[in-house]
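Visitor: I would like to learn how to read the place where two chains of a model meet. Could you take me through it, one feature at a time?

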Protein chains: 2
Amino acid sequence: MTASKDTDQWVTAEQLEVWRLFIRAQSRVIRRLEADLLAEHELPLAWYDVLVRLLEADGRRLRMSDLAERVLLSPSGLTRLVDRMVEEGFVERAQAERDGRGFYAVLTDAGYERLRDASGTHLRGVHDYVVGRFDDTELATLADLLRRLDP
Amino acid sequence: MTASKDTDQWVTAEQLEVWRLFIRAQSRVIRRLEADLLAEHELPLAWYDVLVRLLEADGRRLRMSDLAERVLLSPSGLTRLVDRMVEEGFVERAQAERDGRGFYAVLTDAGYERLRDASGTHLRGVHDYVVGRFDDTELATLADLLRRLDP
């Protein structure tokens, strides 16, 4: 489990180092993206993510279960998050009309405005901290490698 | 901000897709690693991470601020986590002797035992879900690309 003991039957120390590099790289990027959004727009990254997913959806609305899947949150975690966003006026809840089961989260005009204000900051960060550091060939290589991690 | 509108001055739609792939790949891997640790050892991944960092440290102890830096948690988040691990007997607190400022977190024998029991599960997951999916050359390429994300 230490650097030397990690050379067990499963993973070499070198392999473990790459895994740690992967975790660390993403954590740092996420922290920077979040810090920028908070500093410039008082918007947590998870909120931004919810707003984007709603904007991209038909009718700017998603069933809560579909939204949870897209933002990679547990249903209970998403419920708490959306509750706070409803209080801020960025999202509304709407009952699912057809079958009466469950709720939709719907993007409000205020949510859209906030997203529009913040998107420049976020996309500049995605460029500066991530994609702008690679040329097209490197980015394609990275994408190929990442797809290997799909189930 | 939609797939088409993301083609702004900062990021193309293709670049944004790679960024989303990156986030999604890591989130899925983390979820699987955590699910395995919880199912087989009732151990959250963040706890495992704390135990490993302490085991690797001199004297199996780390100053709280150093530990927070290594596990990528905020100081307040780490304090809550360590409080729970102290209750479970996996970690002890010790006052920093020399300068009297701050505390160390120290790995206990019970913490070591739990880590030893769980490490096979975790490292098997790191192999199966991540590093075992690449050959040495691919892994070196991935590492080179990830290092590009350093500050």
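Guide: Let us begin with polar contacts, meaning pairs of N or O atoms within 3.5 Å, where within protein one must be able to donate a hydrogen and the other to accept it, and residues adjacent in sequence count only if both atoms are side-chain atoms. Between chain B and chain A there are 12 residue pairs in polar contact, both at pLDDT 80 or more. This is a predicted model, in which local features need pLDDT of at least 70 and side-chain atom pairs count only at pLDDT 80 or more, while totals for chains, interfaces and linings use all residues. Residues are numbered from 1 along each chain as its sequence is written, chains are lettered from A and ligands numbered from 1 in the order in which they are written, and side-chain values use heavy atoms, with hydrogens and water left out.

Visitor: How many salt bridges are there between chain B and chain A?

Guide: A salt bridge is a side-chain nitrogen of Lys or Arg within 4 Å of a carboxyl oxygen of Asp or Glu. The count between the two chains is six, and one salt bridge joins the side chains of A:R28 and B:D150, at 3.6 Å from N to O.

Visitor: How much area do chain B and chain A bury between them?

Guide: The size of an interface is often given as the accessible area lost when the parts come together. Here, with a 1.4 Å probe and the loss summed over both parts, chain B and chain A bury about 6,100 Å², 69% of it on carbon and sulfur atoms.

Visitor: How many residues of chain B are in contact with chain A?

Guide: Counting heavy atoms within 4.5 Å as contact, 60 residues of chain B touch 60 residues of chain A. Because 100% of the interface residues of chain B are also interface residues in chain A, the copies meet through the same surface.

How values were computed
Buried area is the accessible area (1.4 Å probe) that two parts lose on being put together, summed over both.
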